[in-house]
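Here is a short report on one model.

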Amino acid sequence: MHISEQERDAVYKTIFSRRDVRSDFINKSIPEDVLKRILTAAHHAPSVGFMQPWDFIVINDKVTKQKIKHGFEQANSVSKKMFTDDQQQAYQKLKLEGILEAPIGICVTCDRERNGPVVLGKTIKAEMDLYSAVCAVQNLWLAARAENLGVGWVSIIEDDILRNALNIPAEIEIIAYLCIGYVTHFKDKPELESAGWLPRRSVDKAIHYNKWTPKVK
Ligand SMILES: Cc1cc2c(cc1C)N(C[C@H](O)[C@H](O)[C@H](O)COP(=O)(O)O)c1[nH]c(=O)[nH]c(=O)c1N2
C-alpha cells in the first residue's frame, strides 16, 4: 500500500504536535468508537515474538481516580525532595498529572508470562516484552493525537497504589498510567521545555555513524 505525500505529512504532523497533556483537559466524554479506535491502534503495535503482552484497563470511576490521585500526591512529595533546592522551586510549579480532569485513565499492563516461558526474540534479552508494551503506549499516544485527544503519562506513583486500586495481580507488570481527554489546545512545545526545566536536544547530537561517540549534552 502506497502512502501519499499528504498522508505522510499527516503522520509527521501527528508526531510533531503530540504533547504530554496535564493541564488542558476539558470536560467532554470520549465516544466509545473513538476509544475503541485508539485502543485498536495500541493493540496493533509491534511486539516481540508477536506476544501482544499488553492489556488496557479503562478507568472512568471517580472514586478509583481519586485513589490514584492520592497516590500521585504522596509519590510527588517524596519525589520533589530528591532534587536540589533550586530545582525543587521549579518542580513544585509544574503540573505533572491530570488524573481527575481527564475523563478517562488507561492503565497499560504487561503479562510477562503470556504465551509461555520461551518467546521468539526474547530468549537473550528478557525485557523485550516490556519494550513491546511501551510500543503500544506510543501507538495509543499518536492515535489519540490524530483523534485530537490529549494524553498524559503519569509515572510518579507507586505500583502498589495502582495494583490495589485496579486489582492488578503481582505477576502482571505495570507499564503506564495515562490520562486521556479532549483539550482546550495542544501546546507548541513540551511543558518542561517552556518551563525552562530542560531544552530540546538537537537531533544531530543524537545521531552517530558507525560507532557511538561521546558528544556534548
Ligand atoms: C516513560 C514516561 C514517563 C513520563 C512521561 C513521559 C514518558 C515517556 N512524562 C511526559 C514527559 O515529561 C514529556 O513526554 C516530555 O517532557 C516531552 O514533552 P512532550 O511529550 O513532547 O509534550 C510525564 N509527564 C508528567 O507530567 N508526569 C509524569 O509522571 C511523566 N512520566
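Predicted model: local features only at pLDDT ≥ 70, side-chain atom pairs only at ≥ 80, totals over all residues.

## Helix packing

Residues are numbered from 1 along each chain as its sequence is written.

Helices are DSSP runs (H or I, at least four residues), and so are strands (E, at least two), numbered from the N terminus. Helix 3 contributes T64, K67, I68 and G71 to the contact, and helix 6 contributes I161, L162 and A165. Contact requires C-beta atoms, placed from the backbone, within 7 Å.

## Strand 2

Strand 2 (residues 104-111) has six of its eight residues buried, so it is largely enclosed by the rest of the structure. Buried requires 20 or more other C-beta atoms within 10 Å of the residue's own; exposed requires 12 or fewer.

Strand 1 (residues 54-59) runs antiparallel to strand 2, joined by six bridges. I59 has G105 as its bridge partner. Strand 4 (residues 172-182) also pairs with strand 2 in the antiparallel sense, over eight bridges. There, T109 has I174 as its partner. Pairing needs at least two DSSP bridges.

## Positive phi

Most residues other than glycine have a negative phi. N167 has a positive phi of about 60°. It sits in the loop between helix 6 and strand 4. N167 is exposed, with 9 other C-beta atoms within 10 Å.

How values were computed
Contact = placed C-beta atoms within 7 Å.
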